[in-house]
Amino acid sequence: CFKGCSALQAFTFPATVKEVRGNCFENCTALKTVNLGQNVTTFVGRAFAGCTSLTTVNWGPKVQKIGRENFYGCTSLTSITIPDTVTVMERNMFYKCENLETVKLSENLTTIPEALFDSCTKLKSCVIPDSAQEIERYAFEDCSSLESVVIGSNVNSIGIYAFSECT
């Protein structure tokens, strides 16, 4: 794909794309905006890892799965809404998104994955949807600005260190 294309600032997926493969835009440090195509359903791991200028993700209507570490180290990302079409998110998705402050999760997640927001030091609050049954280990580790977490009514398991180092 476009891994390491340091001048790429925006990208719009064509309607023909259904899956974004791993590392597709990794370390595209000037990438600010991504417009997902109408038919993208899956992101394999690390698609946008290291995209330090990324601020805007415009989701398509069919996204269902977001793989591991997809937004790892996207330090300009301050807010994100995961659409309700998403049913699966994998581990470390927002690891070290140090400026992420607000997030809206899909209402159809059953699991809050391992280290989902690990080291998101400016994250202030999160609502875990009622559809979630599990918060995996390290999910909110080192979220030092976390002030409020509302845990959905169906959560029956919270993993070790899920909220470790939250002040």
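**Reading a buried serine and its surroundings**

Modeller: Let us begin with one contact in this predicted model: the side chain of S106 reaches the backbone oxygen of V86 at 2.6 Å. The side chain of S106 also reaches the backbone oxygen of D84, at 3.5 Å.

Colleague: How many aromatic pairs does a search of the whole structure find?

Modeller: The search finds 16 aromatic pairs. One of them joins F71 and F94, whose rings are 5.5 Å apart centre to centre with 10° between the planes, and this pair is stacked, since planes under 30 degrees apart count as stacked.

Colleague: Why does the pair of F71 and F94 tie together parts that are apart in sequence?

Modeller: F71 lies in the loop between β6 (65-66) and β7 (79-81), while F94 lies in the loop between β8 (88-89) and β9, so the pair ties together parts that are 23 residues apart in sequence. F71 is buried, at a relative accessible area of 1%, and F94 counts as buried too, at 0%.

Colleague: Which residues touch the most other members of the largest nonpolar core?

Modeller: The general idea comes before the case: in soluble globular proteins, nonpolar side chains tend to be buried together. Here the largest nonpolar core has 49 residues, and F48, F71, F94, L105, F117 and F140 touch the most other members. One aromatic cluster includes F48, F71, F94, F117 and F140, with W59 also among its members. If residues up to four places away in sequence are not counted, the residues that F117 touches include F94, L105 and F140.

Colleague: In what order do the strands of the open sheet lie?

Modeller: The 3 strands form an open sheet in the order β10-β12-β14, with parallel pairing. The edge strands, β10 and β14 (157-158), each pair on one side only. Between β10 and β12 (residues 134-135) there are 2 bridges, and T111 stands opposite E134 in β12.

Terms used:
Residues are numbered from 1 along each chain as its sequence is written. This is a predicted model: local features need pLDDT of at least 70, side-chain atom pairs count only at pLDDT 80 or more; totals for chains, interfaces and linings use all residues. Side-chain values use heavy atoms; hydrogens and water are left out. A polar contact is a pair of N or O atoms within 3.5 Å; within protein, one must be able to donate a hydrogen and the other to accept it, and residues adjacent in sequence count only if both atoms are side-chain atoms. Rings of Phe, Tyr and Trp (its six-membered ring) pair if their centres lie within 6.5 Å; planes under 30 degrees apart count as stacked, over 60 as edge-to-face and the rest as tilted. Helices (H or I, at least four residues) and strands (E, at least two) are DSSP runs, numbered from the N terminus. Buried means under 20% relative accessible area, exposed over 50%, partly exposed in between (1.4 Å probe, protein chains only). A nonpolar core is a set of buried Ala, Val, Leu, Ile, Met, Phe, Trp, Tyr and Cys residues joined through side-chain atoms within 4.5 Å. Contact means heavy atoms within 4.5 Å. Two strands pair if DSSP finds at least two bridges between them.
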